Amino acid sequence: MSKPNLVSIGLRAKTGRAIAVVLGGTSDAPVVQTKLEIKLADPKLPATAQPYHEVMELPWEESQRAVRKSAAAIEAIAHKALARLIRELQSQGMKVCGAGIVGAKDRDLARIGNYHIRAHAAEGVLFRRVLDLAADANGLSRRTFPDREFEELSQTELGAEHAVVTGKLNELGRSLAPPWRTDEKQAAIAAWLVLHRPRK
């Protein structure tokens, strides 16, 4: 069970954006309060859209240094965007208990030989990491889930409830304006886990 005004924010990190699903209600009757796409790139700063693509032909160590300015700008955008969402929810009488973030996990990117594939992988990590930092900076407790293992992790954590919870969230999606794709579903499940399975 949860308090009527208690909500959590589920975020699915993507390159240049994040899919957000705000979930409230009880474990038996979840409610999607809102869903939206959060822009994490600034059109006035083109390099923030795909920062590693801008420098992908540089040696890995050099490219990491070269993207620092863009990464700092993306971090600031994420911080402000999440703060704005939290304020909007609070203005509607909701209390945000935390955030569940689904995205690429940290790994040794230097081992990826193909520079184009490495740029995509590095951006996946970067855009997930800025959401982690934004949640921390806004004082939210958070749980971060690796995207490629998310299905298995959620099944393990929910056990017998997994089919019931995913079924309810899929049903909720039918009553919302599209889209309700894998990204939105993952964000919703991450939000559900934060709201009803907080870490001890």
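**A cysteine in the sheet**

Trainee: Where does Cys 97 lie?

Mentor: Cys 97 lies in strand S4. Helices (H or I, at least four residues) and strands (E, at least two) are DSSP runs numbered from the N terminus. This is a predicted model, so local features need pLDDT of at least 70 and side-chain atom pairs pLDDT 80 or more, while totals for chains, interfaces and linings use all residues. Residues are numbered from 1 along each chain as its sequence is written, and side-chain values use heavy atoms, without hydrogens and water.

Trainee: How accessible is Cys 97?

Mentor: Cys 97 has 25% relative accessibility and counts as partly exposed. Buried means under 20% relative accessible area, exposed means over 50%, and partly exposed is in between (1.4 Å probe, protein chains only).

Trainee: What does Cys 97 touch, leaving out residues up to four places away in sequence?

Mentor: Leu 6, Val 7, Ser 8, Ser 141, Val 194 and Leu 195. Contact means heavy atoms within 4.5 Å.

Trainee: OK, the sheet. What is the strand order?

Mentor: The order is S3-S2-S1-S4-S5, five strands in an open sheet with mixed pairing. Two strands count as paired if DSSP finds at least two bridges between them.

Trainee: Which strands stand at the edges?

Mentor: S3 (30-39) and S5 (142-146) do. Each has a single partner strand, so one side of each has no neighbour in the sheet. From one strand to the next, the twist averages 20°.

Trainee: What about S1, which strands does it join?

Mentor: Seven bridges join S1 (6-14) to S4 (95-103), and those two run parallel. In that pair, Ile 9 stands opposite Ala 99. Another pairing, with S2 (17-25), also has seven bridges but is antiparallel, and there Gly 10 stands opposite Val 21.

Trainee: How many residues of S1 are buried?

Mentor: Eight of the nine, so S1 is mostly covered.

Trainee: And the hairpin of S1 and S2, which residue there takes a positive phi?

Mentor: Gly 16, with phi near 80°. That hairpin has two residues between the strands.

Trainee: How do S2 and S3 pair?

Mentor: In the antiparallel sense, over nine bridges. Gly 25 stands opposite Pro 30 in S3.

Trainee: Changing topic. Which residues touch the most other members of the largest nonpolar core?

Mentor: Ile 9, Leu 11, Ile 38, Leu 82 and Leu 89, out of 40 residues in that core. A nonpolar core is a set of buried Ala, Val, Leu, Ile, Met, Phe, Trp, Tyr and Cys residues joined through side-chain atoms within 4.5 Å. Two or more residues each come from S1, S2, H3 (68-91), S4 and H4 (115-137). H4 gives the largest share, 10 residues.

Trainee: What is in contact with Leu 11, leaving aside neighbours within four places in sequence?

Mentor: The list includes Ile 19, Ile 38, Leu 82, Val 102, Leu 131 and Ala 187.

Trainee: Now the helices. How do H5 and H7 pack?

Mentor: H5 (150-158) and H7 (182-196) pack at an angle of about 35°, with axes 12 Å apart. Axes are lines fitted to C-alpha atoms, for helices over the stretch in contact, and angles run from 0 to 180 degrees between N-to-C directions.

Trainee: Which residues meet there?

Mentor: Phe 150, Ser 154, Glu 157 and Leu 158 in H5 meet Gln 186, Ile 189, Ala 190, Trp 192 and Leu 193 in H7.

Trainee: Is Trp 192 buried or exposed?

Mentor: Trp 192 is buried, with a relative accessible area of 1%. Leaving aside neighbours within four places in sequence, Trp 192 is in contact with Ser 8, Leu 23, Ser 27, Pro 30, Leu 158, Glu 161, Val 165 and Arg 197.

Trainee: What about Leu 133, where is its place?

Mentor: Leu 133 is in helix H4. At 35% relative accessibility, Leu 133 counts as partly exposed. The C-alpha atoms of Leu 133 and Ala 76 are separated by 9.6 Å, though the two are 57 residues apart along the chain.

Trainee: Last one. Which peptide bond is cis?

Mentor: The bond from Pro 178 to Pro 179 is cis, with omega near 5°. Pro 179 lies in the loop between H6 (162-174) and H7.
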